[in-house]
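Me: I am new to this structure. Could you take me through some of its features, one topic at a time?

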Amino acid sequence: MVLLYIKSQETFLSSEVKRLIQTATPDLSQIPRGADYSWIDFNSGIVWEKLQDIFDNIKEKNGSKAWFFEVIRQLPPLFRECYHMLQNMYPAAYDVSLQPFLEWTHQEKDIHQSIKLISQESTSGDHLVALLTVTALVERALGNVVLLKCKQVPFLLRDLLATPELEELIGKVKVQLLIVMLGSVLGLNLRNIAWHGFLSPHETSQAFVATIIFILADCGRTLKNTSKVKNIPTRPRTTFEEASCLGNVVDDIIIPRRVVLDELMKSSSFVSSVMYPAWIKAFELLEKEQWGSCTTLLLPLMECSMRAMFAHVNKVSERMLTAENSTLYTTMDEILSQYMNSGPTHLTVNKEHGKHEFSSRDCVRSSGKRHSEVTKSTLVNDARERTDQEDEDCELVNSKEKNQVQYAIGTKLNEALHDLLNFVQGPRVRDRVSHGEAELQEIPSFMTCHILYLSLLVLSSEGPESDEAPCDTINKMKCMNLKGLRKESSALEGNIHKDISDTECPEHCPASDEACSQDRKCVSDPSNLSDQSKEVISKLRRNLKNYKCVFHPSALLQKKLMLSVSCLSNWIYWERVDSKDLDYPEWESWDMIELPEVLSYPPLHISHNVCSLDNIKDFLGFVKDIQYRVLYRPKQEIELISILQRITGCISTTLENTCKNMTLKYSQYINKRLRSRQRETYRRQLIAVPVIVSTCYLTCQVIYLIFLAINKSGDLSQSSFTSLIRMLKPLLKVTENLVSNTSLSANRWDEAASISLNNNEHILKVFTSGQE
């Protein structure tokens, strides 16, 4: 099924946004010569005084919508001169005129590559890659500068550009120009419309990239003149090491041949012809093994295609376009959410500063903590903040409809996309790359390939069985040029899908505003795909069937619990002296430690037959087999998982502390380096260990008991849920105390044994089968 109204979409920019971009885009055929350069001085820097005069002489209120438009109207000559000056000086004069003033960014390689991508021989796909690259590195570089005067970098670019410290460090005019180009919904907003997949290659001017590079160079001059350039801190980059397991998801798949990739892309209903140059560029980068640049391009392309799918399956075709500055963008957050807003989504624009305040659930990510620099310790608070916000947002919206994307792509692909993009402790690759936190040169191949494979699955999604075009909403769109495709896109399309325009469709009527309210689709037989393309998609789908979520809190809890139980399985073999040497008979009778036969929690209708200490391997198998759901879970469930994770983490640390401590003391004892008092401490440790092990093991089984019914926890009444949390908090307190008591610096073994016994009593009281 090929949807013509998507394939023939010539722009994803709404009318007002497109007007701004067109107004700002200079005519690069006008080549300035010699004295014609009025925006660039003899030092190859921007004449900022001239720009200041423009800002000061605009009659409209500074920061208003009209003010932004008037500024943008006067900027094309600046953009044009920056581009041509860069072309003139590169490569001969670049090392002298610009490169020394870009070193402060610590991203010279990416800047150098971006300059190559906007050369006169480059393509529109190159220009989009360059814009994505420089907008990300600008945010990272300026964030480092702000750390000269602030302890923390603002989460969003628009907030970063609004900090008075940045204005003080690099100058007010530079900041204002960056706000016009990148940091306000009232301006060009290049960073957002590019990274969210709205900007097509032919709408991307290489002059924008050149101007940003000149701005960075002038920032470098300013910092050098104030002697601050040597003191700029550099924050560590992300490495995606935590996501290395994703490389095994499709381990029997090799990167498809180029002809297969082209065919799968062009046969998809969710790729507009106007985006072909970008996809083709992504495939070229893939062939050249330029993983970082390929990832940079694939992420917004995936979002663009998924937004087209979102618009189609939910019958809201007008939402393929960017929002105006008074309407919220449809981004990946909503595309992958469980519900969509049934009515228009509004935001309030602060006319003076171009800021906006959202009244939609999308603001969970946009206006709150940015997920790109979240550490593991923030999981609990972050989960609470997000779920609280979601509850508030649900109250703001009178009615919500189920988002049909979840049915179009299926559960497994949905989980894989959440793993890659959304879950707090996952790679959050789009957030990190788009905000400049990743070193493009260091992005691993497995990450790029994983994004590619998920993208191909998105493109090949067949959607719901009733594949109807959005007849009831398409009339809200202005006619999106159904008369024909752009020459550039048509030439690239080739013969693979010429039937899109040539097929005689009985419902295909002349393009007009009225015709746009018709169902615009043509049927294409999926069997027309080559055998190679079919085989690639079949393999990917077979792999996806076995996909198991990695970074959802429940998946992380299972992993941590398995780690704790694995540590316990070897406890009896930890290095120690003979019990007769130090007189500690407790180890000889460890199998006599009393554990309850059954644990239960009636409110959740669950019970568990307790495994003995000599049967840990069976229990490990039970933990491994736990089944749970991960998508769109209720607030109570996430909160419960958080506390269980914290308890499990404390158990792991306690066991690691104990094992290391025993190894150290054993070595010291054998080498006769323990004084009599230290030998007594060592003996008390050996007496305490079986008790500590028993309470850790019993606590693991309580966690397993609750984990068995984790997906039922959201159904508990508020009072029952509060009661359960109240019962678990003493376990958390005990395990936290065990961590501190068993550390190498503490050695409080009597206290550790005492609280372990008390913990066992608490568990017996609360979670035994006799519980009422």
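Reply: A definition comes first: on a 1 Å grid over the protein atoms alone, a cavity is a set of points where a 1.4 Å probe fits but cannot get out, and its lining residues have an atom within 4 Å of a point. The model is a predicted one, in which local features need pLDDT of at least 70 and side-chain atom pairs count only at pLDDT 80 or more, while totals for chains, interfaces and linings use all residues. Residues are numbered from 1 along each chain as its sequence is written, and side-chain values use heavy atoms, with hydrogens and water left out.

Me: How many cavities of 30 Å³ or more are there?

Reply: The count is seven. A volume here is the space filled by probe spheres set on the grid points, which are joined across faces, edges and corners.

Me: What about the second largest cavity, which residues lie nearest its centre?

Reply: They are V17, L20, V185, G187 and Y329, out of 13 lining residues. The volume of this second largest cavity is about 110 Å³.

Me: Which helix gives the most to that lining?

Reply: Helix α2 (residues 15-24) does, with three residues. Helices are DSSP runs (H or I, at least four residues), numbered from the N terminus.

Me: And how does the lining divide by class?

Reply: The second largest cavity is lined by eight nonpolar, three polar and two charged residues. Ala, Val, Leu, Ile, Met, Phe, Trp, Tyr, Cys and Pro count as nonpolar, Asp, Glu, Lys and Arg as charged, and the others, Gly among them, as polar.

Me: Now helix packing. At what angle do α31 and α33 pack?

Reply: Helix α31 (residues 676-708) and helix α33 (residues 749-766) pack at about 25°, and their axes are 8 Å apart. Axes are lines fitted to C-alpha atoms, for helices over the stretch in contact, and angles run from 0 to 180 degrees between N-to-C directions. The two helices, α31 and α33, are therefore roughly parallel, a term for angles under 35 degrees.

Me: What residues make that contact?

Reply: Among them are T681, R684 and Q685 of α31 and W749, D750 and A752 of α33, where contact means heavy atoms within 4.5 Å. By class, the contact of α31 with α33 has 10 nonpolar, eight polar and two charged residues.

Me: And α14 with α26, what angle there?

Reply: Helix α14 (residues 258-267) and helix α26 (residues 531-545) pack at about 80°, with axes 9 Å apart. Therefore α14 and α26 are roughly perpendicular to each other, the term for 65 to 115 degrees. In α14, the residues V259, V260, E263 and L264 meet Q532, S533, V536 and I537 of α26. This contact of α14 with α26 divides into five nonpolar, two polar and one charged.

Me: Changing topic: which residues does a cis peptide bond join?

Reply: Y90 and P91 are joined by a cis peptide bond, with omega about 5°. P91 is in the loop between α5 (76-89) and α6 (94-97).

Me: Last one: where is F240?

Reply: F240 is in the loop between α13 (206-225) and α14. The phi of F240 is near 65°, a positive value in a residue other than glycine.

Note on methods
1 Å grid on protein atoms, 1.4 Å probe; cavity = no way out; pocket = protein on both sides within 12 Å on 5 of 7 lines; lining within 4 Å. Parallel < 35°, antiparallel > 145°, perpendicular 65-115°, else oblique.
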